[in-house]
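Here's a quick walk through one model, for anyone about to set up calculations on it. Have the coordinates open while you read.

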Amino acid sequence: MSIYLDHNATTAPDREVVAAVAWAMAQAWGNPSTLYRDGREARATLDAARARVASLIGASDPSEVVFTSGGTESDHLALTGSLGPGRGDHLITAMAEHKAVLRTCAQLEQRGLRVTYLPVDGLGRVDPDAVRRAITPRTALCSVMLANNEVGTVNPLPEIASICRERRVTLHCDAVQALGRLPVDVAALGVDLLSLSGHKLHGPRGVGALWMRRGTVLQSVLAGGSQERGVRPGSENVPGAHGLGVAAELARQRLAETTARVRSLRDRLWDQLRAAVPGARAHGDLERGLCNVLNVSFPGREAEELVLSLDEEGIEVGTGSACTTGQTTPSHVLLAMGVSPDEARCSIRFSLGQGNSPSEIDEVAAVVSRLVGRSACRS
Ligand SMILES: Cc1ncc(COP(=O)(O)O)c(C=O)c1O
């Protein structure tokens, strides 16, 4: 069995989630848009899942939750749907956002919309004053993630929200990595749109949701039926939504215990690594960022090579870099934070989860120290 420390890439579905999805496939297979009993039962299952998702994010009205196929679609729908004809043609986002946001922005630019990409500071944070300065009378939307997937930094969403509210700009927040790792309350955050994804919180992959504050108007991106209030046409994925609902309920119940335990494991890992590997540098905000993320660069040690060596030792971790056609592209997040391309190529991301144990962490620290120490001797 491998030691899995890549929970920001995906999480294993909880056993209860697997059972819930199987149950819904067998028992709640009806089409929720139909009037007879099987349809009504599927509708009831879907609406119960909606209520559970709403409860995880502190939303008082479950009808504000729209099910989608995941975080990417939720982000795309929020951005593209907010910028239809008759709205402003300017959008504000940040350089350290996920590609689901950044590539949607690039598409929108190709259609003639204007996008401002705000810089982030050395920890990966957006400055609310920069949002204030970027807003123009043509700004329709601002999109800032709650917690960064690569470094775990948490953005000051309530401050950004109060500026957006004052200037009547809709605020979208990608909270995909925050759910289950941070208390998330849409009222306290003050956002209008919030994306989430099942597979980052031990739910099924291929299902997610977009929460829309009542009164927020979105144009659907797909054309079709009137499912999900017409915002997201297409026959609903009832088993996926049910699995997401169960995962949301479990995440809500476990949040306090999980975050405290995972944070102490993450700190234990960093304490051992920094003692054993001179020059190791952690990126992001360990104090106020996500409890489960440790992004570290080991000077002189290419991330991909290290990830593969760790895999041979039965340890699974992520790199922030995307490998395309054999070339390692340094992470856009680390570059935006001012990390040099060389150092960014040497960074790996440990992202912990509820199943990790202290002995696993000690083993990982020992193996990494041995591998990195060995490479340092060679070079
Ligand atoms: C911050 C963030 N947003 C969006 C996504 C995309 O979510 P999904 O994989 O459900 O499409 C991810 C996935 O890695 C993510 O980390």
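H202 counts as buried because 27 C-beta neighbours sit inside 10 Å of it, and the cut-off for that label is 20 or more. Keep in mind that this is a predicted model. You'll find H202 in the loop between strand 7 (193–197) and strand 8 (208–212).

E228 is another non-glycine residue with a positive phi, here about 50°. It belongs to the loop that links strand 8 to helix 8. Is E228 buried or exposed? It counts as buried, because it has 20 C-beta neighbours inside 10 Å and the threshold is 20 or more.

Now for the ligand. Its shell is made of 14 residues, with G70, G71, T72, N149 and S197 as the closest. By type, that shell splits into 9 polar, 3 nonpolar and 2 charged residues. Which element gives the largest share of the shell? That's helix 3 (residues 71–82), with 3 residues.

Helix 3 deserves a look of its own. Its 12 residues reach 16 Å from first C-alpha to last, close to the 16 Å expected at 1.5 Å a residue. It is also mostly covered, with 12 of 12 residues buried. Among the buried ones are E73, D75 and H76.

| Pair | Axes come within | Crossing angle | Handedness |
|---|---|---|---|
| Helix 2 (residues 37–56) and helix 8 (residues 238–276) | 8 Å | roughly 35° | left-handed |
| Helix 3 and helix 4 (residues 99–110) | 9 Å | roughly 40° | right-handed |

In the pairing of helix 3 with helix 4, G71, T72, D75, H76, L79 and T80 meet A100, V101, T104, C105 and L108. Those contact residues divide into 5 nonpolar, 5 polar and 1 charged. As for the spacing you see along such a list, an α-helix has 3.6 residues a turn, so residues three or four places apart point the same way. G71 and T72 turn up in this contact and are also among the residues closest to the ligand.

On the other pair, helix 2 brings residues including A42, L46, A49 and V53, while helix 8 answers with residues including V238, A241, G245 and A248. This contact divides into 11 nonpolar, 4 polar and 3 charged residues.

Methods:
Residues are numbered from 1 along each chain as its sequence is written. This is a predicted model: local features need pLDDT of at least 70, side-chain atom pairs count only at pLDDT 80 or more; totals for chains, interfaces and linings use all residues. A residue is near a molecule or strand if its C-beta atom, placed from the backbone, lies within 6 Å of it. Helices (H or I, at least four residues) and strands (E, at least two) are DSSP runs, numbered from the N terminus. Ala, Val, Leu, Ile, Met, Phe, Trp, Tyr, Cys and Pro count as nonpolar, Asp, Glu, Lys and Arg as charged, and the others, Gly among them, as polar. The expected span of a helix is 1.5 Å times one less than its number of residues. Axes are lines fitted to C-alpha atoms, for helices over the stretch in contact, and angles run from 0 to 180 degrees between N-to-C directions. A crossing is left-handed if the near helix is turned anticlockwise from the far one by less than a right angle, and right-handed if clockwise. Two residues are in contact if their C-beta atoms, placed from the backbone, lie within 7 Å.
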